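Dear colleague,

I am passing on the model below, and I would be glad if you could look through it alongside the notes that follow.

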Amino acid sequence: EAMFDVVGIRNHKEEEDDAFLNTKLAELDQELHKISGSNKGAYDAACKTNPAYVQGRKFRLAFLRSRHFDAKKAAGVIINHFHLKQEVFAGYPLEFLAREMKFTDLSPDAREFVEAGYAQLLPSKDAAGRFVFFFASGLKKYKTVESLLQAFWYLMTCKSRNEEIQQCGHVAVVYTLGQTDRLEVGIGLYNMIVCAAGIEVSALHWCDATWGMRFFVAAQKLLMDNFTRFRLQEHSGTREDINFALQTYGINTDDSPMKSDNTLDTTFHKKWLEAQKLYEENTSKDSILFLHRFDVLFGKTKLCTHHPGTIRCQLLVDMHWEEYDKQSRAEKGLIADKIVNIVQESGGRFLKWEGGIATGAWVEVDDKAAREKVTHFFRSRRSKKQKSQNQARTSAPKRGIDNATETDTVDSIAMVPWSTESSDASLFSKRMRAPEIDNISESLDT
């Protein structure tokens with residue numbers, strides 16, 4: 001089961017209708033009431049301070065989804081969440097414990113760590129459709145472990161807002177760059193997420209250029225629980241070796257922020273962080289940073305035309321082409337609506353890029369624009385078909401005498417009216433305008 005999670009074979013998504021969710025939330029409430037002990041003190045205090053947040057549907061569903069709707073496990077993680085939050089942010093007011101964290105709550109050192117992009121989500125997902133979290137633990141000389149824990153708690157909070165991560169989990173890639181203490185920190189942060197977050201880490205890929213570090217990792221694995229041990233994959237060697245190993249697990253290394261000189265590309269991270277801040281200030285636009293597999297993208301760039309969702313939509317158009325081409329204008333609109341519905345029911349969206357290259361974002365268009373996009377695909381399909389037919393006509397070989405076979409030549413002779421007079425044979429020779437015909441007519445005269 002763990003190895004299936006690592007390679008992304010298992011599909012954890014449940015069918016979430018209202019009746020199912022209400023039943024699971026009721027089970028979770030019962031399990032929370034069963035728990036007692038000193039660790040529950042932080043949870044009880046948070047409930048008294050802000051019950052609307054702690055007992056809120058949105059907050060609790062994150063923990064249920066990440067534990068595959070196992071109410072007992074989700075209840076234990078919620079208790080750990082508040083207990084550990086109280087320890088990591090010791091000295092913070094009780095009001096902070098009972099609400100969602102914001103970027104402005106971080107200490108200056110923790111903010112610097114987050115902004116520098118040493119830990120960030122990649123813009124693309126793995127082959128199984130899961131988000132990939134990147135952590136260059138060997139680069140940042142953080143001042144205190146407390147500030148690092150605060151920074152990761154904030155990043156964990158941001159990730160838990162995403163329903164896709166709640167449902168499918170995500171993958172972590174950690175670069176330690178030969179520093180054993182960074183590996184211990186990375187594993188500690190991983191365990192924190194496992195025990196106290198509303199998200200699941202399906203796989204942890206540890207990457208280092210030092211082959212000798214493999215012995216250190218093997219020793220660390222002996223001290224891990226089974227859940228962590230089987231999900232930790234170590235990759236050593238050159239950068240090409242590591243990238244190849246990650247690619248075998250479906251991770252797109254082209255989007256890795258790690259450059260050849262061990263510096264980081266933070267272009268996407270800055271855009272993502274700005275979106276989180278806008279969300280926390282309740283001023284966020286309906287912009288989209290992460291693409292789904294079945295999204296249909298507007299535009300003529302390679303990213304748009306080669307996106308799986310765009311290609312899939314064009315295939316749907318091809319499948320409905322014969323039916324579409326025979327219908328009236330009104331019925332054609334119904335077929336276009338049908339394809340729009342197919343895309344949307346499978347989780348796809350019709351997205352258009354708005355803004356500049358560096359500052360813009362994807363925005364979902366309305367159904368009318370989506371239908372026009374599908375209609376445009378049908379028009380393009382007709383144009384390509386007509387162009388292909390025209391090319392076939394112009395490139396078809398002409399059946400003239402120059403291209404005729406010997407059999408064709410004899411058949412042509414039989415169809416030409418001529419008499420036994422020599423002048424008829426001469427006229428026939430001029431009409432055919434081919435040297436081999438002269439030989440044939442001479443033999444016939446003979």
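**The second largest cavity and its surroundings**

Leu122, Phe134, Val173, Tyr175, Asn243, Leu246, Ile251, Thr253 and Ser256 line the second largest cavity, where a cavity is a set of points, on a 1 Å grid over the protein atoms alone, at which a 1.4 Å probe fits but cannot get out, and lining residues have an atom within 4 Å of a point. Please note that this is a predicted model, in which local features need pLDDT of at least 70 and side-chain atom pairs count only at pLDDT 80 or more, while totals for chains, interfaces and linings use all residues. Residues are numbered from 1 along each chain as its sequence is written, and side-chain values use heavy atoms, with hydrogens and water left out.

The second largest cavity holds about 50 Å³ of space, a volume being the space filled by probe spheres set on the points, which are joined across faces, edges and corners; the search of the whole structure finds 4 cavities of 30 Å³ or more. Its lining divides into 6 nonpolar, 3 polar and no charged residues (nonpolar: Ala, Val, Leu, Ile, Met, Phe, Trp, Tyr, Cys and Pro; charged: Asp, Glu, Lys and Arg; polar: the others, Gly among them). Strand E3 (170–175) and helix H14 (239–248) each supply at least two residues of that lining, with helices (H or I, at least four residues) and strands (E, at least two) taken as DSSP runs numbered from the N terminus.

Strand E3 belongs to an open sheet of 5 strands in the order E1-E2-E3-E4-E5, with mixed pairing, where two strands pair if DSSP finds at least two bridges between them. The edge strands, each pairing on one side only, are E1 (119–121) and E5 (232–236). E1 pairs with E2 (residues 131–135) in the antiparallel sense over 3 bridges, and Leu121 has Phe133 in E2 as its bridge partner.

Helix H14 lies across E3, E4 (201–208) and E5, running at about 150° to E5, whereas helix H9 (residues 145–160) lies across E1, E2 and E3, running at about 170° to E2; axes are lines fitted to C-alpha atoms, for helices over the stretch in contact, and angles run from 0 to 180 degrees between N-to-C directions.

Elsewhere, the axes of helix H3 (residues 41–49) and helix H6 (residues 71–88) come within 7 Å and cross at roughly 90°, which makes H3 roughly perpendicular to H6 (65 to 115 degrees; under 35 is roughly parallel, over 145 roughly antiparallel and the rest oblique). Ala42, Tyr43 and Ala46 in H3 meet Ile78, Ile79, Phe82, His83 and Gln86 in H6, contact meaning heavy atoms within 4.5 Å.

Kind regards

Notes: On a 1 Å grid over the protein atoms alone, a cavity is a set of points where a 1.4 Å probe fits but cannot get out, and a pocket is an open set with protein on both sides within 12 Å along at least five of seven lines; lining residues have an atom within 4 Å of a point.
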